[in-house]
Amino acid sequence: MFQATRRRLALWYTSVTAVLLLLFASGVYLYVRSTLIERIDDTLNHVVEVVERSLVIESATTNSEQFRINIEATFRDNADAVDDDHIDLEWFSPTGELLWSTLSEPLGLPVHPNRTGETVRVIRDSDAINGQDYTPLLLRQVTERVEMGRQVLGYLRVSHPWFEVTKPIRQLIFDLSLGTGLMVFSVALCGWFLSGKAMEPVRESYQRLKQFTADASHELRSPIALIQTNVQVALTDPELAETSGASAKYYQQLTVIERLTQRLGRLVDDLLFLARQDSGIVQPCFAACPLDALLMEVVEEQMLPATEKNITLSLHLIEPPETHNPQLSDDWFTLQGDWNQLVRLFTNLIVNAVHYTPPGGKVDVELERVAAPHTSRTALLQVKVSDTGIGIPESALPRLFDRFYRVDPARTHAASTLVATPTGSGLGLAIAAAIVENHHGQIQVESTLHKGTTFTVTLPTSSEF
């Protein structure tokens, strides 16, 4: 239990830290990426401004009101200035025709003004000849429309390689991934260590509580047994057995004390059993256990109380099919388990069934070997204890195996008047669940109010199909 809690705490520490680190890394990535793009856009816009200031504008020869750009005089010096910065210039006519470019091969992209910057993907014809693999060229571009008055002189497009962004971004992603992974791994180790430190006081308190319960239950057995012995000795006094006077009154009181000490003794035994199971003081002694013979003994022991209540108690064994291997027939109902614990388990279930079944009812015990899930090669033994008793309210089923939990008799309405008032401690089913858990089995309950209840116990065996 503590190891599972420690793992959950460490997992929560790691998960929360991983989410926070991912958010932080994503924020850093987006900030750096936007900063790089903004820097490139500023550079491109600056180049546009420089080129615009250096444009050589001349009057057209045919019309003095028309102007044109002297391309040779304008871009002769600019080409050298931008070459070192990996910036390419393109000059287009007012109709979109490429007139001058620093690129070795035209991009073939349509011209449209865009001063805010855009990322374009260029596929050059020379890179895709004969279906060969090629890598698209990514560029960051700014396109400016150059005007003089109402006359459009042309378009200036400035391009910058996108690898100036992708290269540092890839390195940043690698660094962030590596750093985040190392941090998550470190937090996982720290979380495991810190969760262990946090669980130490809880574990110590829990161990002391279990030890106290076990010790107290063990120490209570002696005085209870002594009281019960003295009461039984007193009840054997012939003078006290007189039916008149004070002796009869004392005899009745001693009888009540004996009954109460017996009930208290059973309660202490149950508490001692659960305390030892919780603390692991006593480990179950597993051995080959024929479940059919065990159930026969338990049913035989409970046959007298059932007969006194006019209840039919029966045991039904579903034998193996005729096609089954006869060599395994003798061990068909044998499992590896603790005989004493299993006797206590099925005694509790059958006693409850007899107790909560009205006179004239039936209690059926059925033993069957069932197929195991496909993920397991171990066979399963299934025991069903069914009765025609007063039933259990549906709202009480989830808490039925809780310690000291008992169903309110008033919830069973009129059916509760047909059975005796329960005198148990509310630990019987909790003990049954603990025994089933020790044997790595399952216990389930189905009940219909006023019709009956069925407890199904499934236990694995060491035998294989």
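**The whole chain**

Start with everything shown, and keep in mind that this is a predicted model. Colour by secondary structure and you will find 7 helices and 14 strands. The chain has 465 residues, and 35% of them count as buried. Among contacts in the chain with a separation of 6 or more, 66% come from residues 24 or more positions apart.

**The largest nonpolar core**

Now select Leu291, Leu342, Leu345, Phe346 and Leu349. These are the residues with the most contacts inside the largest nonpolar core, which has 45 residues. Helix 6, residues 339-355, gives the most to this core, with 7 residues. Another core lies apart from it and has 23 residues; to find it, select Val47, Leu55, Leu89 and Leu156, which are among its members.

**Helix 6 beside helix 7**

On the helix 6 side, the contact includes Gln341, Arg344 and Asn352, while helix 7 brings residues including Leu429, Ala432 and Asn438.

Zoom in on leucine 345. Beyond its neighbours within four places in sequence, leucine 345 is in contact with Ala432, Ile435, Val436 and Val457. Then step to asparagine 348, also found in helix 6. Is asparagine 348 buried or exposed? Its relative accessibility is 18%, so asparagine 348 counts as buried, since the cut-off for buried is under 20%. With neighbours within four places in sequence left aside, asparagine 348 is in contact with Gly428 and Ile431.

Stay with helix 7 for a moment and pick out its buried residues, which are Leu429, Ala430, Ile431, Ala432, Ala434, Ile435 and Val436. Just after this helix, select histidine 440, where phi is positive at about 60°.

**Helix 6 beside helix 5**

Helix 5 and helix 6 pack at an angle of about 35°, with axes 10 Å apart. Here the crossing is right-handed. Which residues meet between helix 5 and helix 6? From helix 5, look for residues including Leu291, Leu294, Val298 and Gln302; from helix 6, they include Trp339, Leu342, Phe346 and Ile350.

**Around strand 5**

For the last stop, move to strand 5, residues 114-122, and select asparagine 114. Asparagine 114 counts as buried because its relative accessibility is 14%. Its side chain is joined to that of glutamate 118 by a polar contact of 3.5 Å. Not counting residues up to four places away in sequence, asparagine 114 touches Val142 and Thr143.

Finally, select isoleucine 123, in the loop between strand 5 and strand 6 (137-148). How does isoleucine 123 count, at 43% relative accessibility? Isoleucine 123 counts as partly exposed, because that class lies between buried, under 20%, and exposed, over 50%.

Key. Residues are numbered from 1 along each chain as its sequence is written. This is a predicted model: local features need pLDDT of at least 70, side-chain atom pairs count only at pLDDT 80 or more; totals for chains, interfaces and linings use all residues. Side-chain values use heavy atoms; hydrogens and water are left out. Helices (H or I, at least four residues) and strands (E, at least two) are DSSP runs, numbered from the N terminus. Buried means under 20% relative accessible area, exposed over 50%, partly exposed in between (1.4 Å probe, protein chains only). A polar contact is a pair of N or O atoms within 3.5 Å; within protein, one must be able to donate a hydrogen and the other to accept it, and residues adjacent in sequence count only if both atoms are side-chain atoms. Contact means heavy atoms within 4.5 Å. A nonpolar core is a set of buried Ala, Val, Leu, Ile, Met, Phe, Trp, Tyr and Cys residues joined through side-chain atoms within 4.5 Å. Axes are lines fitted to C-alpha atoms, for helices over the stretch in contact, and angles run from 0 to 180 degrees between N-to-C directions. A crossing is left-handed if the near helix is turned anticlockwise from the far one by less than a right angle, and right-handed if clockwise.
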